[in-house]
Structures are given as C-alpha cells and as structure tokens.
Amino acid sequence: VLRTLLRTLEHRLDWFAQLPHSTEAGLSLVESWQPYCLLTGRSVEIAQANERVWGICEGIDESGALCLASPLGPRRVVSGEVRGIAGLPGFPPPGSD
C-alpha cells in the first residue's frame, strides 16, 4: 500500500512540477488552477457553523479561499459545506432546502 501511495504521490508531484509557474509563463499557481474550479461563475450556497452564505463564485484567491460576490458584498469562504450549486447535476439549487 505504501509503495502504491508513494508512486501516486510521485506522479502527482511530477504533474505539479510541469504546471506553468510565474517565472515561466507569467501565471501564479492560483491562476494556473482557476480553470479547474467548477464553481466559478455559478450561484452557490455554503453552510458554515452558524450561517449560510449565498453568492456567485468568482474563483479562488491566493490563500485558497473561495471568493463570492454576495448580496452583502464580497465574501471569502475558507471553510464550510457546499449545499447548493446552480447548474451542476446532482446538486440542489441554492436555497432549496
């Protein structure tokens, strides 16, 4: 099991090393990852400890937080449970429960 895990990790690290970096292509790691964020441009609902946050996902910032344009202004979400995503099969629309 450990051998398989280490081989998989090595493969992932090799892939990571091939990503365009700021010194090579003018892109930061976050900019390189933006195309992989399935939430960008979608209306989402995120449940946090004592509140729910709604908004349009604008991507991921440099610290790894999810950036939302919410009705109350910009929000950064660093933890929570995604409860609804508009337009993704298998997820209810935001605010449906």
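Arg 52 counts as partly exposed because its relative accessibility is 33%, where partly exposed covers the range between buried (under 20% relative accessible area) and exposed (over 50%), computed with a 1.4 Å probe and protein chains only. This is a predicted model, in which local features need pLDDT of at least 70 and side-chain atom pairs count only at pLDDT 80 or more, while totals for chains, interfaces and linings use all residues. Residues are numbered from 1 along each chain as its sequence is written, and side-chain values use heavy atoms, with hydrogens and water left out.

**Salt bridges**

- A search of the whole structure gives 3 salt bridges, each defined as a side-chain nitrogen of Lys or Arg within 4 Å of a carboxyl oxygen of Asp or Glu.
- Arg 52 is paired with Glu 45, their closest N and O atoms lying 2.7 Å apart, and Glu 45 counts as buried because its relative accessibility is 1%.
- Arg 75 and Glu 51 meet through their side chains at 3.2 Å, N to O, and this pair links distant parts of the chain, with Arg 75 in strand β4 and Glu 51 in the loop between β1 and β2, 24 residues apart.
- Both partners count as partly exposed, Arg 75 because of its 25% relative accessibility and Glu 51 because of its 37%.
- Arg 76 forms a salt bridge with Asp 61, in which the closest N and O atoms are 2.7 Å apart; this pair also links distant parts of the chain, from Arg 76 in strand β4 to Asp 61 in the loop between β2 and β3, 15 residues apart.
- Arg 76 is partly exposed at a relative accessible area of 48%, whereas Asp 61 counts as buried at 17% relative accessibility.

**Sheet and hairpins**

- An open sheet of 5 strands runs in the order β4-β3-β2-β1-β5 with antiparallel pairing, where strands are DSSP runs (E, at least two residues) numbered from the N terminus and two strands pair if DSSP finds at least two bridges between them.
- The edge strands, each pairing on one side only, are β4 (73-77) and β5 (81-85), and neighbouring strands of the sheet are turned by 45° against each other on average, direction ignored, with axes taken as lines fitted to C-alpha atoms and angles running from 0 to 180 degrees between N-to-C directions.
- Strand β1 (residues 43-47) pairs with strand β2 (residues 52-60) in the antiparallel sense over 5 bridges, a hairpin of 4 residues joins the two, and Glu 45 stands opposite Trp 54 in β2.
- Strand β2 also pairs with strand β3 (residues 66-70), again in the antiparallel sense, over 4 bridges; across this pairing Ile 60 stands opposite Leu 66, and Gly 59 has Cys 67 as its bridge partner.
- The hairpin of β2 and β3 has 5 residues between the strands, and Gly 64 there takes a positive phi near 95°.

**Cysteines**

- The model has 0 disulfides, a disulfide being a pair of cysteine sulfur atoms within 2.5 Å.
- Cys 37 is in no disulfide, and its nearest cysteine sulfur, that of Cys 57, is 4.3 Å away; Cys 37 is buried, with a relative accessible area of 14%.
- Cys 67 is likewise in no disulfide, with the sulfur of Cys 57 as the nearest at 7.5 Å, and Cys 67 is buried at a relative accessible area of 18%.
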